[in-house]
Amino acid sequence: MSLLRRRKNSEPGKGSSESSEATFLDEASIKEKDRGRVEKSQRKEQAKNKKWSCVDSCCWSVGWICSIWWFLLFFYNAMPASIPQYVTEAITGPLPDPPGVKLQKEGLKAKHPVVFIPGIVTGGLELWEGHQCAEGLFRKRLWGGNFGEVYKRPLCWVEHMSLDNVTGLDPPGIRVRPVSGLVAADYFAPGYFVWAVLIANLARIGYEGKTMYMAAYDWRISFQNTEVRDLTLSRMKSNIELMVATNGGNKVIVIPHSMGALYFLHFMKWVEAPSPMGGGGGSDWCSKHVKAVMNIGAPFLGVPKAVSGLFSAEAKDIAVARAIAPAVLDKDVFGLQTLQHVMRMTRTWDTTMSMIPKGGDTIWGDIDWSPEDDYDCSINKQKNNDTHTGDQNGKGFKGGVDLVRKKVHYGRIISFGKDVAKMHSSKIERMDFRGAIKGNNLANTSCQDVWTEYHDMGIEGIKAVADYKVFTTGSILDLLNYVAPKMMKRGDAHFSHGISDNLDDPKYAHYKYWSNPLETKLPNAPEMEIFSLYGVGIPTERAYIYKSTPATDCYIPFQIDTSADGGYKESCLKGGVYSVDGDETVPALSAGFMSAKGELRAVPIYNTLIGDLVS
Amino acid sequence: MGSILRFRKLCYAKRLNIQSYESKKFDKKNDGIVSSSEAVMEELKKRKLRKQPQGWRCIDSCCWAIGHLCTAWWLLLFFYHILPTNLPGLQVPESPGQKLRREGQTALHPVVLVPGIVTGGLELWEGRPCAEGLFRKRLWGGSFAEIFKRPICWLEHLSLDNETGLDPPGIRIRAVPGLVAADYFAPGYFVWAILIENLAKIGYEEKNMYMAAYDWRLSFQNAEIRDKSLSRLKSKIELMYETNGYKKVVVVPHSMGVIYFLHFLKWVESPPPFGGGGGPGWCAKHIKAVMNIGPTFLGVPKTVSNILSSEAKDVAFLRSMAPGVFDSEILRLQTLEHVMRVFRTWDSVISLLPKGGETIWGNLDWSPEDHCGCDFANIKASGTNSSDFKTNNSDAKCSFQLKERVKYGRIISFGKIAAELPSSQLPTLSFKEFLLKKKANSFCGEVWTEYDELSRESIREVADNKAYTAETLLNLIRHLAPKMMQRAEDHFSHGIANDLDDPKYAHYKYWSNPLETKLPNAPDMEIYCLYGVGIPTERSYIYKISPSDRCKSIPYRIDGSADGTHNGCLKNGVYFVDGDESVPVISAGFMCAKAWRGKTRFNPSGMATFNREYHHKPPSSLLEGRGLESGAHVDIMGNVGLIEDVLRVAAGATGEELGGDRIHSDVVRMSDRINLRLVSLLVTIGDVISLLVIISGAGEQGRVCHPLTNGSGSRHHLAMTSNAAVARC
């Protein structure tokens, strides 16, 4: 305010100078006097102009920008909401109706209640109890939203997002809990929708809070632990029962996304299992309450990406933390060892282990063979002009291209070196690492407080791993067991990755098998329908080429060898990663196999009673 | 940035040219004069060219000033964010949650929070074209930005259907679910947030805490029919009970949530289709305590003025949000009429009309509060944490007796004189005189209130009847707003039951009236009444007819000029009593202090009740915000004493362990002055018979008296109903 006043004071000076000009022109006789006045005003102006310095011009331009910004904001807000639509319609012609409006016109009405199950990373997490450094964040989102705290107090944030390394539950004094309700996962970050569009379309045909339920859960902890700690499964059961009861007995439709599909698989076993381990709903609970499960992008058989995520914290999706702040994560910028922090954090999350490829070599291929062998990597360039079934059957009308190219060994999920990845299996010399002795503890050296299990391995251990050269899905588990024994020990208590020989074996009543579709039976519910909805046509990570880092102690000792490229344009290998068809995260094999084969055609034991499946 | 600076330079250059050009033109025009002054001009021009021109225009200085402001603002913001959250100098007092945690108290019983009227958020699920882009945005609660942007649209969406009391076609507004529904009403204005934070400190989280949000505009039964709110509440309570080691829940309703939960208690044990089918033992099995905060058991007088002229402070939050805009006829918007129209479509408002008629609220001459003065705000919080409830001598609290008693019973009086006349001189009331003289169709616009259908004479006749008590008031409102009352009285009732066993009381419209329902059969359950005292609270009004004869105006308004000498009881046309600013003590405390105390006909299983009063202390400094010891209706949610009580009960304490009653106000004496029959009709008949027996001298006195006193539960209450009989004993 005082600034303003000062500014005003200087105004009269200017005014008088102008008036002096006028008088002066009219009456020449008082020239002398005027001259004096002009001098005076001149002096004043000089004084003023001295004040007009850099700071002032800065202020001026800031003010200019501010006012323009406000004006724009004002106009934007004053603008009727429909204008953008008019504009786009004027340019591109009338837009097609969103599905909700279309179906509303067709007369569809809400009938079955809907349950959403979000996947990994998309659900918001909020703080309920924290350490000193997180003061003032009570019930604020730590995950999801704008991630403001990542920048403000990164170490504090990492500390609160991590779980206990031994139990896989909360560290003492910290309670981070899932956000509940539809807001949990409608938008991941402002403007980045997850469920919001689906919700809006459902609302068009009459859905609302009483017929929609977002089964938000803490996606960091293992499925059974969500029940132990948060009673999430019980709440889901109770909510489904309530919705069925209050909506005229119409069964629910469940829509899990990504890891949510595994979570719901776990739920279906849990709810029918007797308490205390299960929900005690009785053997016909699912057939009574669930009409259909519509899995969106379900990683039923795991995601290869999870391997690289666990192995070197380098995949894209699981370590979203990286994508958010890529610059900060570059190694050793500021000496922060960000990647190690991220690795330590993600390794405390049990659920990442639920995404490790399941079914071993049978599903994912061995050293020489893989189900996608003849996949054509230029597929995303063909404009969906053919039915995919044709080329998946491998009766190659793309044979011509195949001649040029050698078969890709997708089965070798991790290979050390590009040449190893391409070599014929008989030529690879492998040293078994399983018995290798781990070397001296490296952590004693100057690695500050960042601790990853790699420090326990020592140089010999690292070398032993690299010497094994090629890892298939089957040996990946051994590898992870070797490099991260504590994590795997924790994870093995909750997840299993095999294929069952005999599903009636009583050991399969344990909850750790419930989220593996190859080791559980679907519930006895002949009228239930299971859909697998997934995107295709995007190159999806499938296998990796690794190298050992030129080791100094504190690095993560393995890295994807980004220099490994296929050498020709349509190669499957890019930046050290072999890709296949999928939805960018989940290979079509993992998303579609259970519906396409596991339950429909080949193996009858998985298909005990389910009648009509639609895929 | 750079380009802008360049642009600025360009501006200067341009200005310079223009100015010099202009001065040249000037030169030619005044040639003669100028010639003599040419030297000076030349000098002037030179000067102009040499230096910065006087390029200061208004816009420039504006920009300059805005720039300064912006920069300063950013700097401040930046420093504010840099600032550590707890400054070393500021010692934050220990919160109740921390204190109890230090004592080792942890979460034991699951907690259910039931918000009251207006505090819960409402969001849009389906709307008209004018509300495009607001899907799942809050229309109520939050920033209220839409009021200013599209007020008519906003009002249209918030009103309900006038006939059904449900959604108008094409509009779906739903309650926001979850804790966010009512933690903050508007940014920075907490409702439940502080209580939630303290509960979290002793270990509560979402698995054992539930906010039973509901659409507070609907009648309670409609909330079940449309949104299944009651079923969801039931299912949630059952779930929390089962998953938390079979610990019963503690329910914390606030304001109107109190009678909503009362409704729930009856609903859940009633058989379907009207009830929840939980069976007679449901409450006893699932509920440990109900801790009513600021309960509106017997209604709020403020509602009356709201309905008559939409003029009260609290319930019409709308007004306080934008006081300027709501002055009638500004911009010809008729805001007040719009508000009234919307307000009258909300059924739940009717649930807050005073209940219990003249027995509770007083008649033309008498009222329970009329025996002492009005400067209760000065009564010292003498902290009588006394368990000696009966002997509590409340005379000390009346600073002095009045010569002439205030006639609070006349809730509405037309003119100050009518408020003070002895009843014999008042004209008698009879609504039969009011013929249905409907005004001819003199509709003057789209704003429609039911007043438009009344003729001027009819309006005047109403005013001629001068004074209305709680009972005749209902007739008045029925007369003035027949459709609203017809709709709402299917859902709410305001009387006192004569015989609670009458089968008609199984209807849901009685469930939210504590005087017409029995409490459930749950002897171990506890009921708390926690409320603030020491703030003047609206109790009765002096009205006048609005001066203008315009069409479409609200014909009555509070006579703001009526000020009294009654030691401040009357101010601006409103009589005040003790209370929490919204709810008078009698409505908040009477049920716990008397009608439910012990085994009465309203409380057949004799569950324990406790009155806990919190004397209002205004915040001592700005740092305290809305006060740590406030007693005001909403601010009490941040009262440390109250929070501690709630936390202790949630952690397992009983009412006795809290210290029983805690009374500052005059509630005991007021309650004693209310003559309400507390034993059931059956017992009273028994009394009469035994009285006859005693009088006739045929019976043995001892044997007659003893079963009697046992049967009615409390010797004290019996004494009031049949003094004579007990005197004989």
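Predicted model: local features only at pLDDT ≥ 70, side-chain atom pairs only at ≥ 80, totals over all residues.
Helix α11 of chain A covers residues 260-272 and reaches 18 Å from its first C-alpha to its last, close to the 18 Å expected at 1.5 Å a residue. Among its buried residues you can find A:Y263, A:F264, A:H266, A:W270 and A:E272. What covers them? The covering elements of chain A include the strands β1 (114-117), β8 (252-256) and β9 (290-296), and also the helices α9 (223-230), α10 (232-246) and α12 (285-289).

Next, follow the backbone with one general rule in mind. Most residues other than glycine have a negative phi, and most peptide bonds are trans.

Now move over to chain B. Here B:P273 sits in the loop between α10 (257-269) and α11 (282-286), and the bond from B:P272 to B:P273 is cis, with omega near 10°.

Chain B also has residues with a positive phi that are not glycines. One of them is B:K228, with a phi of about 60°, in the loop between α8 (220-227) and α9 (229-243). Another is B:Y246, with a positive phi of about 55°, in the loop between α9 and β8 (249-253). Is B:Y246 buried or exposed? Its relative accessibility is 55%, so B:Y246 counts as exposed, the cut-off being over 50%.

Conventions. Residues numbered from 1 in each chain as written. Chains lettered and ligands numbered in written order. Heavy atoms only, no water. Helix = DSSP H or I, 4+ residues; strand = E, 2+ residues; numbered from the N terminus. Expected span 1.5 Å × (residues − 1). Buried < 20%, exposed > 50% of the residue type's maximum accessible area, 1.4 Å probe, protein only. Contact = heavy atoms within 4.5 Å.
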